[in-house]
Amino acid sequence: MKLVYSGKTKDVFAMENGNYLLKFKDDCTGKDGVFDPGENSVGLTIEGVGDVNLRMSIYFFEKVNEAGIKTHYVSANLNDTTMEVLPAKPFGKGLEVICRHKAVGSFYRRYSDYIEEGADLPAYVEATFKNDAKGDPLVTKDGLIDLGVMTDAQYEDVKSMTQKITQIVADDLKEKGLILYDIKFEFGYDKDGNVMLIDEIASGNMRVYKDGKYIDPMTLSKLFFAK
């Protein structure tokens, strides 16, 4: 297989059948050794996090597929921490879509003049361009359309899918006594322009609390899969 791209938390390989293979790493985004899904650089390495991120991704991708929402997920191999996915073209040079149920993190830092920390949000959706040098700048719907990154219809699909997938994740976590504050997704599109969820759905991409206290990714994964 040919290495196509080496990312912060995964490597991407081209397969002979036309699909791609994602190899999950143990690296996490953060700053000064502290995990933060909103950060734009690798801040720490946690042994085993690639494995649990893949396990959670398998679990949720299968649920999302069952709900009739298009994803790139095909299959996975836990023995070598890999996931086979359908080919998908990313929007622009990479776009992250965040859905927020609570005002925390970078959202609160930006808008603290207007909202209290931890206040409820109505499945608020925002997007940022993946660009470390520019600090992952926020971009509006108009910006995405006017810059030719996506069409109006694709944006509406991304927003709707983001909110539906977030609710699937939030409902599942709630059954385990866990509260989802926000979650980060990536989307792409197939050769016909149809939007699909790509990348992963894992503890490293979400901010979750239990009894008012933040749960780190490894602890979250252990709680999530506890019998």
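Colleague: What distance does the polar contact between the side chains of Asn 19 and Glu 84 have?
Modeller: First, this is a predicted model: local features need pLDDT of at least 70, side-chain atom pairs count only at pLDDT 80 or more, and totals for chains, interfaces and linings use all residues. Residues are numbered from 1 along each chain as its sequence is written, and side-chain values use heavy atoms, leaving out hydrogens and water. A polar contact pairs N or O atoms within 3.5 Å, one able to donate a hydrogen and the other to accept it; residues adjacent in sequence count only if both atoms are side-chain atoms. For Asn 19 and Glu 84, the value is 2.8 Å.

Colleague: Is Asn 19 buried or exposed?
Modeller: Buried means under 20% relative accessible area, exposed over 50%, and partly exposed in between (1.4 Å probe, protein chains only). Because its relative accessible area is 13%, Asn 19 is buried.

Colleague: What kind of pair do the rings of Tyr 59 and Phe 60 form?
Modeller: Rings of Phe, Tyr and Trp (its six-membered ring) pair if their centres lie within 6.5 Å; planes under 30 degrees apart are stacked, over 60 edge-to-face, the rest tilted. The whole structure has 11 aromatic pairs. With centres 5.1 Å apart and planes at 85°, Tyr 59 and Phe 60 are edge-to-face.

Colleague: Which of them counts as buried?
Modeller: Tyr 59, at 28%, is partly exposed. At 0% relative accessibility, the buried one is Phe 60.

Colleague: At what angle do the ring planes of Phe 185 and Phe 187 meet?
Modeller: Both residues are buried. Their ring centres are 6.3 Å apart. The pair is edge-to-face because the planes lie at 65°.
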